[in-house]
Amino acid sequence: MTNIIDTRLDIPDLRTLTIAAHTIPSTLKALDLHDFLLQQPGIPCLPVLDNEGGLVGVIYTREFLKTMSRAFMRELSCRLTATDFVNRHYFLAQVDDEVTKVLSSLLVHDPKLENDSIIVFEGNKLIGIVTVANLLLVISETQYQLLDRMELLSSRLKEEVDISARLQRDLMPDKELEFKGFHVSGLLSTSTEVGGDLFDYFIIDERYLILAMGDVSGHGVPSGMVVSSAKGALRTLPDDILQQPAKLLQHLNYAVFATGLMQRLMTFFYIVIDTKRMLATYGNAGHNFPYLYRASESRWIQLDDAAGLPLGIDEDEVYNQITIDLAKGDRLFLYTDGLIEEMDEAEEQFGYQRVADNLASLAYETPHEMITRMLDVLTQYANGRTFEDDVTMIGLHIAEQEEQVRQTVAVFKSPDEQKHPTPMERWFREHRLELMEGAELLDEPLGHTLVPVLTQGFFDSMSGSIPRSAWSEGPVLWAGVPLAGQISRIKDATICRVLQDGDTMISQIGLNTLLFGNDESAFLDLKHYFSNTVRIKVTHTGQKEEIINEILSFASRYGADDKRPYLPGMLPITLDEMLENGFMAAPDSYRESTGQVEKGARRELAEAEQVEVCYGINDKVLGISVTDPWGRFTPEILLRGFERYCTGGEIEAGVGGGGLYLLWRFCDYLHVHVNPGRHTVFTVFYSIQDHIDPEAEKSFQFTLTRNSNQKVNNDEHIPV
Amino acid sequence: MSTYQFKGVLSAESQEEFRQMIEAAKSGSSVRLDFSKVDRINSMGIALLLKALKELKQGGKSVEIAGANEMIQVSFKMMGINSWATLV
């Protein structure tokens, strides 16, 4: 007798899942409908029929009750009928459709699974409804049966797995979320196989912000199915459970236990933020501890006090939840173990230390920037290889509401550029910068969050003068041509922030940082920028060589000299010039009074003129700053120096600017910040990622700490 | 041709060396400045060098700079030293 293997699949259709539906006439008064639904809880939706029995649409209970709960809704709706509330974006299926097919088409129709039920027809007759939660559950069971026949059905299985991979991606939020100063951004980078990662964020009750992240592991049942069942549960559970992480985890635990059939488990982190009271409550089912940035302490900590078994192991597991205060400026970083466990070529894991190091330098970026840059770092670490595991991250930032937090760029364009957004503007938008027309600038208060940017086209066509009041920190020129060709015009217009279009250093340092700074008093403070900053107090001019060697070996410890050609040659030149600037920064009167007039002489620095060197490194850039305590440097000195040497002027002892010019030419980015009378900070950055042409045009900026007591003279004009 | 060798870092502290070099160059009509042992030159060093080169040129001497490392050569190019001496 021959064994016949049955290769047919028992994929169920909708029949067993279909429950009879209450239908209502379209003429039913809204208030009666409201009362009915309140009396009959548990009805997910009501098909609405016209007087000939045709389907007009569907009333989804949750949606309807939510609308009715708005203020004065009862009063406003006393004349309304079911027709006025009907949702016509319903999804319908035939009762003999296979569940998997139904889910696939449902996801095309309603990718976020916003509506929780499906209308079921037999032929052209409405016979009932199926809840999405039940649909997902049955599919999970089917998938299990499917797997059981793996050898026979491998090709078919592959197809199903592909569906669930697609499905998983479709289930993730696709947009960033902004709510009352809370900014959230998430990303999921799927690996070779079907991902088992899940993340979600949403608002309930116009008040609670929910972030959730999970990671399925184990074997047997496809992980994508466990993901979709968890996600389904997350989207269909009532609000009172969604507000309580401990309860939520318990419910999810049941769902995963049922779907995963003990072959799959899922780590899960869940946090509810009460945006009104600024409280966060979280629970953790075996998931990697997220990081919280405390703005008040300027540091990241791990939320390691809530813990429990992963979901799907023990049906009776009880989870705890912890509540903490949040403050403006705080941040959250959620991730899956794919981030930690990704390996480099030497099979060394990325690890927690690298995550912590990178977070420290990302504490001033937007959530989007925070997670995408972390992914960049990881991609580089894996050296372009496909990730072994899914990598999922969520970043959250609570904006300071006292300030106008949106970082805005006022763009000045030439008449020719008016019609279309320039590539620069598109790039700015990708960095979540708000853009406004330069012409509107005069009515806006300038602050740390508004920076005027001139296109090269605007600068070329500029005539007359621009009110000085607009430039309390000076406009940025987004330069499209080299400095040599326009330095005199730049100097005459006192434009001292010049970023070169296409300069890759801008994104390596961070566009937002370069436009808006990361520190009130120093604009670009390396202490806040790197997590491994070293500071040296210089008390004697003879320490110069020692410091240069120190920084060279620091850079070499991080492999920077291998990655960046010319670094060991360029760095001593720039450091030499920066230190000499610092040594000579005191006013002549001070140096005369202490008998130190000679330039470059070896001498002890007086207490009052001590210089500080600061340096740090991350995977993209090496930064070095030298601070002197005088704050006497002016943009004119810088621009005059550049003008002289860019136009072929010769160096002459006693005529300044030559050192500044060398400094600019031998670094990848130059920044001078002056807090008048307090300090001058020279900062240079080197790329340790790109092979930057040593002769290329470098961006530079001069910025000033604004004195809020200083009145702006509206009549002062820049001559152009 | 006389040869004068510079060493280490040339900076504002190198005034004496430049003075000695000019002294040594007095005898002949041309002078070779050996930079092969120079690690670095900063802007003040370049300014002193240029001052010395101008002085030599006024005295009718031709000057060659030999063995300068890549960074020093780039600095010279940037600072216009090339028109006052031949780099070899």
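Two residues are taken to be in contact if their C-beta atoms, placed from the backbone, lie within 7 Å. On this criterion, in the predicted model, Leu638(A), Gly641(A), Phe642(A) and Tyr645(A) of helix H23(A) meet Gly658(A), Leu660(A), Tyr661(A) and Trp664(A) of helix H24(A). The contact between H23(A) and H24(A) comprises 6 nonpolar and 2 polar residues, with no charged residues. Helix H23 spans residues 635–646 of chain A and helix H24 residues 658–665 of chain A; their axes come within 8 Å and cross at roughly 80°. Angles of 65 to 115 degrees count as roughly perpendicular, and H23(A) and H24(A) are therefore roughly perpendicular to each other.

The crossing of the two helices is right-handed. From H19(A), Lys544(A), Ile547(A), Ile548(A), Ile551(A), Leu552(A) and Ala555(A) meet residues of H21(A), including Leu567(A), Pro568(A), Leu571(A) and Asp576(A). By class, 11 nonpolar and 2 charged residues, but no polar ones, make up the contact of H19(A) with H21(A).

Chain A also contains an open sheet of 5 strands in the order S9-S10-S11-S12-S15, with antiparallel pairing. Strand S9 (197–204) and strand S15 (322–325) of chain A are the edge strands, each pairing on one side only. Neighbouring strands of the sheet are turned by 15° against each other on average, direction ignored. Strand S12 (residues 279–285) of chain A pairs with S15(A) in the antiparallel sense over 4 bridges. Thr281(A) stands opposite Thr323(A) in S15(A).

Methods:
Residues are numbered from 1 along each chain as its sequence is written. Chains are lettered from A and ligands numbered from 1 in the order in which they are written. This is a predicted model: local features need pLDDT of at least 70, side-chain atom pairs count only at pLDDT 80 or more; totals for chains, interfaces and linings use all residues. Two strands pair if DSSP finds at least two bridges between them. Axes are lines fitted to C-alpha atoms, for helices over the stretch in contact, and angles run from 0 to 180 degrees between N-to-C directions. Angles under 35 degrees count as roughly parallel, over 145 as roughly antiparallel, 65 to 115 as roughly perpendicular and the rest as oblique. Ala, Val, Leu, Ile, Met, Phe, Trp, Tyr, Cys and Pro count as nonpolar, Asp, Glu, Lys and Arg as charged, and the others, Gly among them, as polar. A crossing is left-handed if the near helix is turned anticlockwise from the far one by less than a right angle, and right-handed if clockwise.
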